Amino acid sequence: MFGLGMGEVVIILVLALILLGPQKLPDAAKQLGKGLREFRKATEDLKQQFETELYANPAKPPKPTLVEPQPPAEGEPPPAVPPGGVPVQAQGEVPAATAHNVPGLELALAEPKPVAPPVEAPAAAEAAPKAS
């Protein structure tokens with residue numbers, strides 16, 4: 001019971017008898033029993049409600065309705081064409097990479113900062129005998 005041994009339970013009961021007295025001890029035990037029963041019932045209800053919600057079949061979401069794209073008005077470019085138009089290229093020709101058409105190009109081409117070599121102690125200081 002709650003990881004308590006028989007001796008510990010007896011000590012707790014003796015202390016309760018001394019503190020509450022023989023008249024109030026049965027009433028205190030009843031209230032403690034009622035409180036534990038209500039707590040257990042509330043946790044069981046919460047557990048049941050959680051499992052019901054967890055394992056319930058979710059309602060199927062409504063199917064999305066597809067909207068047919070409207071053709072552009074006469075003389076108007078399609079919506080996917082950039083404002084300046086599409087550059088005309090020969091078949092197989094690849095456009096030059098610029099910062100405008102390649103995201104992160106500046107970072108990819110950036111030169112790394114040079115790292116200074118570690119400073120070493122002069123060799124003469126190491127070769128000199130130490131005076132003790």
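A residue counts as buried under 20% relative accessible area, as exposed over 50%, and as partly exposed in between, with a 1.4 Å probe and protein chains only. By that definition Met 6 is exposed, because its relative accessible area is 65%. This is a predicted model, in which local features need pLDDT of at least 70, side-chain atom pairs count only at pLDDT 80 or more, and totals for chains, interfaces and linings use all residues. Residues are numbered from 1 along each chain as its sequence is written, and side-chain values use heavy atoms, with hydrogens and water left out.

**Overall build**
- The protein has three helices and zero strands, where helices (H or I, at least four residues) and strands (E, at least two) are DSSP runs numbered from the N terminus.
- Of the 132 residues of the protein, 2% count as buried.

**Helix H1 and the surface**
- Met 6 lies in helix H1, which covers residues 6-55, and together with Val 10, Val 14 and Ile 18 Met 6 forms a nonpolar patch on the surface.
- Such patches are made of residues with over 30% relative accessible area and no salt bridge, with nonpolar side chains (Val, Leu, Ile, Met, Phe, Trp, Tyr) joined within 5 Å and like charges within 9 Å; a salt bridge is a side-chain nitrogen of Lys or Arg within 4 Å of a carboxyl oxygen of Asp or Glu.

**Confidence**
- The mean pLDDT (the predictor's confidence in each residue, from 0 to 100) is 77 for the protein.

Technical notes:
Accessible areas come from the Shrake-Rupley method with a 1.4 Å probe; for residues, only the protein chains shown count as cover.
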